[in-house]
Amino acid sequence: MSTISTSTDAGLSATRVVHAVCSHDCPDSCGVLVTVDELSGRAIKVQGDPSHPVTRGFLCGKVAKYLDRVYSPDRLLYPMRRRNGVAKGPLPQGREAEAFERISWDEALDEVAAKLTKIAAEFGPESVLPYSYAGTIGQLGYGSMDRRFFHRLGASQLARTICAEAGGTALKSVYGVKLGTVPQDFAHAGLVIAWGANIHGNNVHLWPFIEEARRKGARLVVIDPYRTRTAALADEHLAINPGTDAALALGLMHVILSMGLEDREYVDACTTGFEELRAHALRPEHSPENVAKATGIDAGAIVRLARAYAAAGRRATQNTGQGSNVGGPAAIRLNYGIQRSENGGTAARAVCMLPLLTGAWKHKGGGLLLSTSGSFPFNDKALQMPELMMASPLRRAARVVNMSQLGQALTTLGDHESDGPPVRALFVYNSNPGAVAPNQNAVLSGFRRDDLFTVVHEQFFTDTTDYADVLLPAPTFLEVKDVQGAYGHLFAQVSNRAIAPLGEARSNVAMFGELGRRMGFEEACFDDREDEMIDQALQTENPWFAGITRERLEREGHVPLQMPLDAKGEVLPFSTAEWFRTPDGRGQLVPVPVFAAPTESRAHATKGAYPLEFLPRKADNYMNSTFANIPLHQRMEARTAGVLEMHATDAAVRKIATGDEVEVFNGRGSITLRALVNAQVSAGVVAARLDWNKLGSDLSGNGANVNALTSETLTDIGGGATFYSTLVEVRRGHNGVK
């Protein structure tokens, strides 16, 4: 499966097909077939693996034209360092290279090693901060040799919370493991609820299974404060007020429990805390009428959804084998948008409890999917070697810095003796914090510091590289070998290197291994290569990985996990108590979820200076900030480029019309956008999408994006970012209507 030789009819140009895996931050983890011209070594085609049960031969719009990214003339291909006298700060797109001079890898690594050694000696090794996230979700690229390097150095540890920590922690608190309904089983559902999940935008390989269910009579209900592409295609869209998902979940519980629609047999066999939750959910504040006031969803719609959800589980066995999903089970596709508010962890916990009340897990096609990443028992300790911290100069575990508070880390950390040292060196890889980190003005203020040494490992000149002292070229997933699981299905895969790295790009494994040797780290682990590390990742006694080896993955392309089977030979997570990994081996309905409106919400803003709730959306055709610089993807997102979407009611009050220049602002910053008055948001809510600062989404030319408005407040569970708990005001710009 790793390579398949083919040739043209004329026999003049041989090609080979290489199995790779898309490593971008997406639940689908698609199998990708890369056709490579043997003569030039150039990739000439990418396509979805038709044999992969979830990829099924097609790729999303982001990756279908991936060669535009791989062979972009804007790729960063050589190590560079900032020229003397060039200040850190925004650089014009297309002219960034003028601020840097090309150097060799030897020069670059020697300079980085010398600087880190000096900084660690003078200020302590914790003054060095790594910053990375899921620019790649391959096991080696995401977290392996890099962690070994920073552990051995004694650098500060990074709490990687910015995307999924609140929801993931919430899911584990209820079930003990991040696991759920597999996408193929959604085809058997009678009711699908997409809760904070824009399936068309960021989980497109689930969509065909939902459509299959709908052709057999299933209904799709979308709960989202924004009218996404998925919401526009749904049978019903419930436009919930931002940050009120916990209230809605409790309102659904109130209806289910007041009408006796719970599955008591399942509840008694598989859960803990039912009576406490029942008493809490039946409190008057959780009645449909009161929940409607908080959520903005009609009380009648809440009752109808609760009854349909409970009934789907109770009728699930009536139509088995009859070619119809009418009366089939209920499946919830919960996504991480729900947990990016101040009480987002509680909201995720509350929604995760719903299938426990109705017993939806008992039926094929029922249950809930947030993440399946906990199903893959990769040996992270072998890859990351946290014991190396004991060999660092600290001889202990280093302090932990939350990535969702990078602005504070770069501007105020170290002000108090208990903080430890200020951050004096920042090493960025697999991320673009200049664009994606919250409270952007504080982040960029920290980046500008003359006493901060910044290294960035990247594929392109980004908002972050504008502030780098040393730039190092990074490869795409076609240029490296890795092993990968998924957070949206249950297939392990090896991604084979399809082409040689372009220019002088080096993988995380190669770069950090060599840097460790330059730093004088004598441990043999810094000499490990990709195949050795893949073998280490697969070393586990967990039965779910039984029979999965590197050789088998290379031979077969994708291998299913060996999950427990029921009497029918089916994988039904949490259908019985044996599935739970909680301390008592049961689903946890306690502590009960308590709804509290976010501090930055209209519930607390009736007399405030910032009365509108702001949604800093993700683009459908970007991956966070990845792909935002590729012309084809920009064209696909042209409709909302530099745009603030507003409801007609809010626009009228402010005398704003479509096309007007508007300033969106709060106490943290401001951005200037073009108004688009439409029905994508409800009254009281405005929305704009994430972009790069340098790409001109801010019409004022100040080089800012939506994160100039977001805060470093953390979620109630998991310490995650609260992007969707943001209050703003909007005012008409100078060119507005009179």
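Leaving aside its neighbours within four places in sequence, which residues is asparagine 379 in contact with?

A: Asparagine 379 is in contact with Gln536, Ala537 and Gln539, once its neighbours within four places in sequence are left aside. Contact here means heavy atoms within 4.5 Å. This is a predicted model, in which local features need pLDDT of at least 70 and side-chain atom pairs count only at pLDDT 80 or more, while totals for chains, interfaces and linings use all residues. Residues are numbered from 1 along each chain as its sequence is written, and side-chain values use heavy atoms, with hydrogens and water left out.

Asparagine 379 has its place in the loop between strand 14 (367–369) and helix 15. Helices (H or I, at least four residues) and strands (E, at least two) are DSSP runs, numbered from the N terminus. With a relative accessible area of 22%, asparagine 379 is partly exposed; buried means under 20% relative accessible area, exposed over 50%, and partly exposed in between, with a 1.4 Å probe and protein chains only. Asparagine 379 and glutamine 539 are 160 residues apart along the chain, yet their C-alpha atoms are separated by 6.2 Å.

In helix 20 (residues 530–537), the residues Met533, Ile534, Gln536 and Ala537 are buried. Because they cover an arc of only 160° around the axis, they lie on the same side of helix 20; the arc is that of the directions from the helix axis to the C-beta atoms. The elements that cover these buried residues include helix 3 (139–142), helix 4, helix 15 (380–384), strand 19 (482–484), helix 19 and helix 21 (550–556).

A search of the whole structure finds 25 aromatic pairs. Rings of Phe, Tyr and Trp (its six-membered ring) pair if their centres lie within 6.5 Å; planes under 30 degrees apart count as stacked, over 60 as edge-to-face and the rest as tilted. Phenylalanine 150 and phenylalanine 512 form an edge-to-face pair, at 5.5 Å centre to centre and with 65° between the planes. Phenylalanine 150 belongs to helix 4 (residues 145–153) and phenylalanine 512 to helix 19 (residues 508–518), so that the pair links distant parts of the chain, 362 residues apart. Phenylalanine 150 counts as buried because its relative accessibility is 4%. Phenylalanine 512 counts as buried too, at 0%.

Another pair is formed by phenylalanine 376 and phenylalanine 378: their ring centres are 6.2 Å apart and their planes are at 10°, so this pair is stacked. Both phenylalanine 376 and phenylalanine 378 are buried.

The pair of phenylalanine 150 and phenylalanine 512 is part of a cluster, in which ring pairs link Phe149, Phe150, Phe427, Tyr429, Phe512, Phe521 and Phe526. Leaving aside its neighbours within four places in sequence, phenylalanine 149 is in contact with Leu116, Phe512, Leu515, Gly516, Met519, Phe521 and Phe526.

Phenylalanine 149 also has a place in a nonpolar core, which is a set of buried Ala, Val, Leu, Ile, Met, Phe, Trp, Tyr and Cys residues joined through side-chain atoms within 4.5 Å. The largest such core has 156 residues, of which Phe149, Trp195, Met253 and Phe427 touch the most other members. Helix 9 (residues 245–258) gives the most to this core, with 9 residues. A second, separate core of 52 residues includes Leu59, Phe614, Met623 and Phe627.

Helix 9 also holds glycine 251, which is buried with a relative accessible area of 0%. Apart from neighbours within four places in sequence, glycine 251 is in contact with His286, Val291 and Ile302. Val291 is one of the buried residues of helix 12 (residues 288–295), together with Pro288, Ala292 and Thr295. Those residues cover an arc of only 110° around the axis, which puts them on the same side of helix 12. Just after helix 12, glycine 296 takes a positive phi of about 80°.
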